[in-house]
Amino acid sequence: MSFASIWSSNLHNLRHTLVSSHNHNLLRFGTCGGWGILDTGRWTFQSLTTKVQIMNQKLENDKPCNIKLELLDGTVKRRSQANVNKSEFQNFQAIQQCDVQQSVTEERDLNQLVTVLVFDIETTGFSRNHDRIIEFALQDLFGGRNSTFQTLVNPERFVPNTDIHGISTNMVNRHDVPRWKELAPILVRYVQSRQKPGGIVLWVAHNGRRFDVPFLIKECSRCSMDIPPDWFFVDTLPLARQLVKPDGSKLSSFSLKSLGEHFGIPLLGEAHRAMSDVNMLSSVLQKMTFELKIPISGLVERSFKVSDLT
């Protein structure tokens with residue numbers, strides 16, 4: 001059976017499992033330190049596991065490289081590659097881009113279709129055309145094994161803004177720190193290992209539309225990698241602008257730090273480090289979507305694709 005046929009069959013099944021708009025799956029906290037889904041009154045709890053490291057992973061590139069990649073909670077798993085001809089793949093992309101958002105938002109059991117990845121980057125500056133990513137971190141909001149991923153990235157250049165994030169040139173310009181072209185295939189395989197069968201990946205970042213996502217796109221384009229068509233992106237900044245204080249007034253600042261203070265969430269780790277910001281945003285996202293009554297389907301409806309930016 002072709003890839004496009006399989007996807008078409010999945011869409012056919014989705015259309016027979018529609019629910020009314022009042023059936024919400026809200027993102028909630030677990031009482032014992034984990035993530036879960038509040039699905040019409042039923043709580044499903046998934047705990048996070050311990051931290052391990054993978055060192056000296058060898059990758060194929062244009063020169064020998066001994067990479068030290070810090071992967072929290074487990075390993076990157078390879079997936080088998082599907083053999084799809086060009087016309088089938090183009091049809092598959094068209095089906096995804098036209099129907100997937102509507103189909104996912106209408107699906108009864110959204111946690112079986114949507115993988116929510118909160119991510120953050122640190123860079124050498126603000127220009128996506130001239131600056132480079134020097135740290136990348138993400139967390140699968142549904143938890144479980146291998147639910148977090150973090151690594152420094154070698155920009156092969158001087159880092160001028162160490163005072164902002166604490167990452168120095170000597171920390172990243174090393175043979176055991178991966179360059180983006182070496183990291184990209186590892187990242188894709190990791191995301192595939194988290195992705196739900198027939199579903200989409202929802203990437204969440206604060207100010208992601210103007211900063212994180214354009215940087216991600218530019219870094220991938222430099223190594224001739226296309227962003228997968230089933231990757232969608234959500235910027236939490238517009239959501240933050242909808243929040244109000246107990247007295248009904250708007251927040252004076254919408255920075256991630258201010259949102260943490262608004263919700264009473266303590267900072268874990270150093271400020272402006274990728275994993276610290278991911279932990280903060282993961283907690284803020286759950287508090288924010290609960291307060292604004294935004295279900296997972298609402299996040300999908302607010303998502304954008306690479307084509308919306310390029």
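Trainee: Is Leu-237 buried or exposed?
Mentor: This is a predicted model, and in it Leu-237 lies in helix H7. Helices (H or I, at least four residues) and strands (E, at least two) are DSSP runs, numbered from the N terminus. The classes are buried (under 20% relative accessible area), exposed (over 50%) and partly exposed in between, with a 1.4 Å probe and protein chains only. Since Leu-237 has a relative accessible area of 15%, the class is buried.

Trainee: Which residues does Leu-237 touch, not counting those up to four places away in sequence?
Mentor: A contact means heavy atoms within 4.5 Å. Phe-254 is 17 residues from Leu-237 along the chain, with their C-alpha atoms separated by 7.0 Å. With residues up to four places away set aside, Leu-237 touches His-206, Asn-207 and Phe-254.

Trainee: What is phi of Asn-207 near?
Mentor: Asn-207 sits in the loop between strand E9 (200-205) and H6. At 26% relative accessibility, this residue counts as partly exposed. Its phi is positive, in a residue other than glycine, with a value near 65 degrees.

Trainee: How much confidence does the model carry, and what does the pLDDT average?
Mentor: Residues are numbered from 1 along each chain as its sequence is written, and side-chain values use heavy atoms, with hydrogens and water left out. Of the residues, 65% score at least 70. The protein's average pLDDT is 76.

Trainee: How many contacts beyond near neighbours in sequence does the model have for the stretch 28-84?
Mentor: Over residues 28-84 the pLDDT is below 50. Where pLDDT is low, the predicted coordinates should not be read in detail. With that caution, the number of contacts beyond near neighbours in sequence for residues 28-84 is 145.

Trainee: What share of the residues in the protein is buried?
Mentor: The protein has 11 helices and 10 strands. Among contacts between residues at least 6 apart in sequence, 69% join residues at least 24 apart. Of the 310 residues in the protein, the buried share is 51%.

Trainee: What do the buried residues of H8 pack against?
Mentor: The buried residues of H8 are Leu-256, Ser-258, Leu-259, Gly-260 and Phe-263. An α-helix has 3.6 residues a turn, so residues three or four places apart point the same way. The packing partners of the buried residues of H8 are helix H7 (237-240) and H9.

Trainee: What is the volume of the second largest pocket?
Mentor: On a 1 Å grid over the protein atoms alone, a pocket is an open set of points where a 1.4 Å probe fits, with protein on both sides within 12 Å along at least five of seven lines, and lining residues have an atom within 4 Å of a point. Grid points are joined across faces, edges and corners, and a volume is the space filled by probe spheres set on the points. For the second largest pocket, that volume is about 740 Å³.

Trainee: Which lining residues are the closest to the centre of the second largest pocket?
Mentor: Helix H8 (256-263) and helix H9 (274-291) are among the elements that each supply at least two residues of this lining. Strand E6 (114-123) also supplies at least two. Of the 24 residues that line the pocket, the closest to its centre are Asp-120, Glu-122, Leu-256, His-272 and Asp-277.

Trainee: Which residue's side chain does Gln-150 join in a polar contact of 3.4 Å?
Mentor: Gln-150 is found in strand E8 (residues 148-152), and its relative accessible area of 12% makes it buried. A polar contact is a pair of N or O atoms within 3.5 Å; within protein, one must be able to donate a hydrogen and the other to accept it, and residues adjacent in sequence count only if both atoms are side-chain atoms. The partner side chain of Gln-150 belongs to Glu-135.

Trainee: At what distance does the side chain of Ser-147 reach the backbone oxygen of Gly-144?
Mentor: Ser-147 lies in the loop between strand E7 (133-140) and E8. With a relative accessible area of 0%, Ser-147 is buried. Its side chain reaches the backbone oxygen of Gly-144 at 3.2 Å.

Methods
This is a predicted model: local features need pLDDT of at least 70, side-chain atom pairs count only at pLDDT 80 or more; totals for chains, interfaces and linings use all residues. pLDDT is the predictor's confidence in each residue, from 0 to 100.
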